[in-house]
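Try each task before you read its solution.

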Amino acid sequence: TFDVSSCECPQIVKDFLFYMMTIKGRSPRTVQAYYTDLRFFLRYLKASRNHLPMDSENLEDILVSDVPISMIQSVTISDAYGFLNFVQTVNDNHANTRARKVSSLRAFYHYLTSKTNVLEVDPFKDLETPSLRKSVPKYLTLEESKQLLSVVDGPYRERDYCILTLLLNCGMRLSELVGIRLERIRDNTLVLLGKGNKERLIYLNEA
């Protein structure tokens, strides 16, 4: 599990991470992603404000636990644009990664505005998410699915066959699959714990 208390960041960021985990119910992996993104943004911000060399290796060495609340309050949307340009051109972050960073920044500054008295106006309220390229989902044909099931073998054949059958027939995520609890199976239904700790009901077919 992700330990927020051991994070190298200002207390206000830890408070946000605790809030997202305990109150909003975000998964440890999601909270860790928030931490990674915000720590990197604060490193960028500190380097920018102090006119330090701006490259990935130098930023990795910058401590942010001493970043004052005044620096966090002084942020403008221009800082976000500069940060996103930096991670795109220097770190070669793709649109999906940049979109996640935007999500982290918006969530943090929304928290500072709506849940604390740190800010009166959210500087990232109008920060847009980078455009994402839409791609056609990849899938196995019926014959490919049959071929996959036909070669399942080994000491855990029944278990592996069951895993593949569930994935092929029920459209569940891998994280939902590994989190299946047998007591949540009722007749032809199964309750899954999905993304964002949200439960959803799926129906099991004859397979």
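**Exercise 1. Find how the axes of helix α2 and helix α6 are placed: how close do they come, and at what angle do they cross?**

Solution. This is a predicted model, so every value here is computed from it. Start by locating helix α2 at residues 28-49 and helix α6 at residues 95-114. Their axes come within 9 Å and cross at roughly 85°. Angles from 65 to 115 degrees count as roughly perpendicular, and therefore α2 and α6 are roughly perpendicular to each other.

**Exercise 2. List which residues of α2 and α6 meet, and sort them by kind.**

Solution. On the α2 side, look for Ala33, Tyr34, Asp37, Leu38, Phe40 and Phe41. Facing them in α6 are Arg100, Lys101, Ser103, Ser104, Leu105, Ala107, Phe108 and Tyr109. Sorting the residues of this contact gives nine nonpolar, two polar and three charged.

**Exercise 3. Decide what joins the side chains of Asp37 and Lys101, and whether these residues are buried or exposed.**

Solution. First, a general idea: side chains of opposite charge can pair when their charged atoms come close. A salt bridge needs nitrogen and oxygen within 4 Å; for Asp37 and Lys101 the N to O distance is 3.7 Å, and they form one. Next, check the positions: Asp37 sits in helix α2 and Lys101 in helix α6, 64 residues apart. Both residues are buried. Finally, shared partners join Asp37, Arg100 and Lys101 into one salt-bridge network. The whole structure has 11 salt bridges.

**Exercise 4. Which side chain of opposite charge is nearest to Arg98, and how far away is it?**

Solution. Find Arg98 in helix α6. Arg98 is buried but has no salt bridge. The nearest side chain of opposite charge is Asp92, 7.3 Å away. Beyond its neighbours within four places in sequence, Arg98 contacts Leu84, Val87, Gln88, Asn93 and Pro130.

Definitions and conventions:
Residues are numbered from 1 along each chain as its sequence is written. This is a predicted model: local features need pLDDT of at least 70, side-chain atom pairs count only at pLDDT 80 or more; totals for chains, interfaces and linings use all residues. Side-chain values use heavy atoms; hydrogens and water are left out. Axes are lines fitted to C-alpha atoms, for helices over the stretch in contact, and angles run from 0 to 180 degrees between N-to-C directions. Helices (H or I, at least four residues) and strands (E, at least two) are DSSP runs, numbered from the N terminus. Angles under 35 degrees count as roughly parallel, over 145 as roughly antiparallel, 65 to 115 as roughly perpendicular and the rest as oblique. Contact means heavy atoms within 4.5 Å. Ala, Val, Leu, Ile, Met, Phe, Trp, Tyr, Cys and Pro count as nonpolar, Asp, Glu, Lys and Arg as charged, and the others, Gly among them, as polar. Buried means under 20% relative accessible area, exposed over 50%, partly exposed in between (1.4 Å probe, protein chains only). Lys and Arg count as positive and Asp and Glu as negative; His and the chain ends are not counted.
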